[in-house]
Amino acid sequence: MRHLDDGALRALTHQDAATVKYFAEHLAHPCDTCEAFLAAHDGPGLLDGQVDSLLLGLAPRASQEAPLDEVGLARVRRAMQPQRPGIRRWGLVAGSIAACLLAVVLLPRMRAAGSGDSTAPWTGQKGGAARIALELSVAARDDGGALRRLDPDSVVTDADVLLLRYHATEAGTALLFEQRAGEPPELLGEFPLVAGTHDLQGPQGLAGVSLAGESGLVTLWLVGSAGGPPPAEAVRELLEGENPTWEHTALAVIRFDVRVRNGQNRP
Amino acid sequence: MGASEGLTEWVRRASLGQASAFSELYRRTRPQVARLVGGFAPLDPDEVEDVIQETFVRAFRALPRLKEPGAFESWLLSIARNRARTRLERKSSTRRLEEDVADPEPETVPHLPEALQLERDIEVVRQLIAELPEGEEKRTVHLFYIEGELSAREIAEKLGVGKSAVTMRLERFRSRIKRELLRRVLAGRWE
């Protein structure tokens, strides 16, 4: 008895009539050997995708109403920029680093622009969301694992990973942007904020910003709001100065600059 | 991804470079891609996110060359499966880096044959599930594919088994479905 193998798959792909006829009959009955082969090999054609589409389509679908994962899409868009040498990976650093960070980083004075002086809520609705004030501290983890606290405008190397810690007066949501000199801010992630002092972390652990491939001025923007996240595109416009009303929102906007020096030029 | 209605138009728009179309495709298809990739037991959450990202980057880059917009979903899921497998194989060092699992070439993606029209095939799969003997495999398949709310990890916790046991059951069932669909393709296409 003949079973599926690489040769048979090639023959099926090329529509060899005898092979097609044989396997159309043979596969009408359960066959552990052929099923094991099919489980371990792709194809023929798009069969795997069709099978997955079929199986995943059995469940009630809510994808038509699924919210856009802006963070994920931003990652895809950044990865699709082929010529950018400084493209960084937005890494989620292991949670164990949080313990180290706790021991090393104290909450410093920070620049908290526009965090609580506003009168109108983000949504424009009367009597809307509570205001939130944010403070931010940043530590750099070098390639040897050592942590050091950074002041604004600190010089770092492209081997460093920036770790963030915040203090929020309210629970809410923050968007983290990164901006290179002369470029628009890029959304790195969305994070829940808890009142008090905490490491900035998402569902998968502590957030870290790798500086691999970066050079020159790099700005991190942490934009917080009480309640749900502000629209990322509107915030981007605010940060670029395209929306003159941003100081009248209930957003807390924190800016932190670092100057990245290429590791090859380290003294 | 059964609800392909409307996707084809977004695929066409995206292939013309409309940024909003890429966003819409991503919004509509990411949940299924995430569910597929998340079902690979040895991948941790960070790796799953990386595979999802790589899947969409590859698909979006190649989208203008996709010959059949109507095959986008299957093509995307094929890429996702290949990326997940490649990641697993690299992780286990059973393959060298250059032996990447190749994605389906967008220029050669065929139009879906009549035998694979979803409505009919869904009934076949439902029947096959109904015919499974009562037991853990049937329960697992039902929870993952029919109810579709719990992840493989959550199902493992619910059933008190390891995630790998859940994914093995799912893969075993999937290989049966693949055999049945291949048979139907062969019969429908050339008989």
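Reader: What makes A:Cys34 buried?

Author: This is a predicted model. In it, A:Cys34 has a relative accessible area of 0%. Buried means under 20%, so A:Cys34 is buried.

Reader: Why is A:Cys31 called buried?

Author: The relative accessible area of A:Cys31 is 7%. The cut-off is under 20%, so A:Cys31 is buried.

Reader: How do you know that the sulfur of A:Cys34 is too far from the closest cysteine sulfur for a bond?

Author: The closest cysteine sulfur is in A:Cys31, 3.5 Å away. A disulfide needs the two sulfur atoms within 2.5 Å. Therefore the pair is too far apart for a bond. A search of the whole structure finds zero disulfides over all chains.

Reader: How do you know that the length of helix H3 of chain B agrees with its number of residues?

Author: H3(B) has 18 residues, 45-62. At 1.5 Å a residue, they should span 26 Å. The end C-alpha atoms are 26 Å apart, so the two values agree.

Reader: Why is H3(B) called mostly covered?

Author: Of its 18 residues, 13 are buried.

Reader: What makes B:Arg81 and A:Asp52 a salt bridge?

Author: Their closest N and O atoms are 2.7 Å apart. The limit is within 4 Å, so the pair counts as a salt bridge. The rule finds eight salt bridges across the interface of chain B and chain A.

Reader: Which helix gives the largest share of the side of chain B that touches chain A?

Author: H8(B) does, with 14 residues.

Note on methods: Residues numbered from 1 in each chain as written. Chains lettered and ligands numbered in written order. Predicted model: local features only at pLDDT ≥ 70, side-chain atom pairs only at ≥ 80, totals over all residues. Heavy atoms only, no water. Helix = DSSP H or I, 4+ residues; strand = E, 2+ residues; numbered from the N terminus. Expected span 1.5 Å × (residues − 1). Buried < 20%, exposed > 50% of the residue type's maximum accessible area, 1.4 Å probe, protein only. Salt bridge = Lys/Arg side-chain N within 4 Å of Asp/Glu carboxyl O.
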